[in-house]
Amino acid sequence: MLQRLITALVLAITTTVLVICTNMQFSSSSDAFTQLSTKTTQLTSLSPSPLSPPSLPTTSPKAHPLPPTLAQWQDRTNSGDYFSQVTPTQLGYLVWSQFPVKVYVQSPPSANNQAEIWINDVLQAVHEWSTYLPLIVVDKPEVADISILRKAPALQISRDNKILRARSAQTTYEFYISPNNLLSHRFTILLSPSQIGHYLTAAARHELGHALGIWGHSPLQSDALYFSQVQNPPPISSRDVNTLKRVYEQPTSLGWPLPKDNRR
Ligand SMILES: [Zn+2]
């Protein structure tokens with residue numbers, strides 16, 4: 001029964017976000033950036049998949065206590081936020097309430113130099129966010145809240161069956177009921193193995209921002225959650241953290257027990 005309910009619950013939503021969205025005809029990154037600037041509208045959407053979601057059990061949304069890392073955050077520069085760009089899901093804002101949040105970073109079956117570099121570039125982004133939310137790196141994807149996989153996202157196909165572009169990152173989430181009956185979510189981030197260096201770290205930083213709760217994009221290039229890749233990727237900005245903090249002040253059904261009449 002529970003299994004069926006969980007199956008019915010699963011609802012994947014895809015971001016078409018990204019970051020180095022290389023058009024298939026181009027291989028150099030400067031072309032990719034040129035391409036980006038002309039495809040703004042395609043990059044901005046964080047749209048739900050067209051599948052109609054199954055009906056989800058709900059609890060009345062409540063805010064969780066702020067984690068101390070965010071409670072003590074003060075922006076002395078008063079740089080504002082882009083909270084208005086963040087969209088809640090049908091279960092509320094994508095707030096984590098069990099800390100530390102468990103992050104898995106995929107390692108290849110046999111370690112090699114290139115993979116090591118890739119993992120370290122990604123771990124750098126995990127480390128940066130852990131200043132603002134407690135994160136822990138785990139070895140097994142089964143126990144992870146956020147799984148970061150070394151895998152290129154599927155090609156996007158247009159309505160007339162043309163390949164639009166290759167994306168270098170993709171972030172999806174799904175809902176499930178935890179063994180202790182909490183409405184829960186988990187994220188999967190795909191990051192292309194072909195990315196390296198500070199662009200990879202920037203992509204990981206951006207996608208982790210989504211997975212930590214910023215389900216939206218900044219209109220400013222100086223923020224990590226700006227909707228597209230930029231030549232000199234910025235670190236996590238005060239505006240990113242201000243936005244994250246506001247998200248964590250919002251009510252959500254996630255992380256709260258399912259009402260009794262939904263328990264089977
Ligand atoms: Zn994004």
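Student: Over residues 1–45, how many contacts beyond four places in sequence does the model have?

Tutor: This is a predicted model, in which local features need pLDDT of at least 70, side-chain atom pairs count only at pLDDT 80 or more, and totals for chains, interfaces and linings use all residues. Residues are numbered from 1 along each chain as its sequence is written. Where pLDDT (the predictor's confidence in each residue, from 0 to 100) is low, the predicted coordinates should not be read in detail. Over residues 1–45 pLDDT stays under 50, and the contacts there beyond four places in sequence (C-beta atoms, placed from the backbone, within 7 Å) number 89.

Student: How are helices α5 and α6 oriented to each other?

Tutor: The axes of α5 (residues 113–129) and α6 (residues 197–211), lines fitted to C-alpha atoms over the stretch in contact, come within 8 Å and cross at roughly 45°. Angles under 35 degrees count as roughly parallel, over 145 as roughly antiparallel, 65 to 115 as roughly perpendicular and the rest as oblique. The two helices are therefore oblique.

Student: Which residues of α6 does α5 meet?

Tutor: From α5, the contributors are W118, D121, V122, Q124, A125, V126, E128 and W129. Their partners in α6 are G197, L200, T201, A204, R205 and L208.

Student: How many of the residues of α7 are buried?

Tutor: A residue is buried if 20 or more other C-beta atoms, placed from the backbone, lie within 10 Å of its own. What covers the buried residues of α7 includes α4 (68–71) and α6. Helix α7 (residues 238–248) is mostly covered, with buried residues numbering 9 of 11.

How values were computed: Axes fitted to C-alpha atoms, helices over the stretch in contact; angles between N-to-C directions. Helix = DSSP H or I, 4+ residues; strand = E, 2+ residues; numbered from the N terminus. Contact = placed C-beta atoms within 7 Å. Buried ≥ 20, exposed ≤ 12 C-beta atoms within 10 Å, placed from the backbone.
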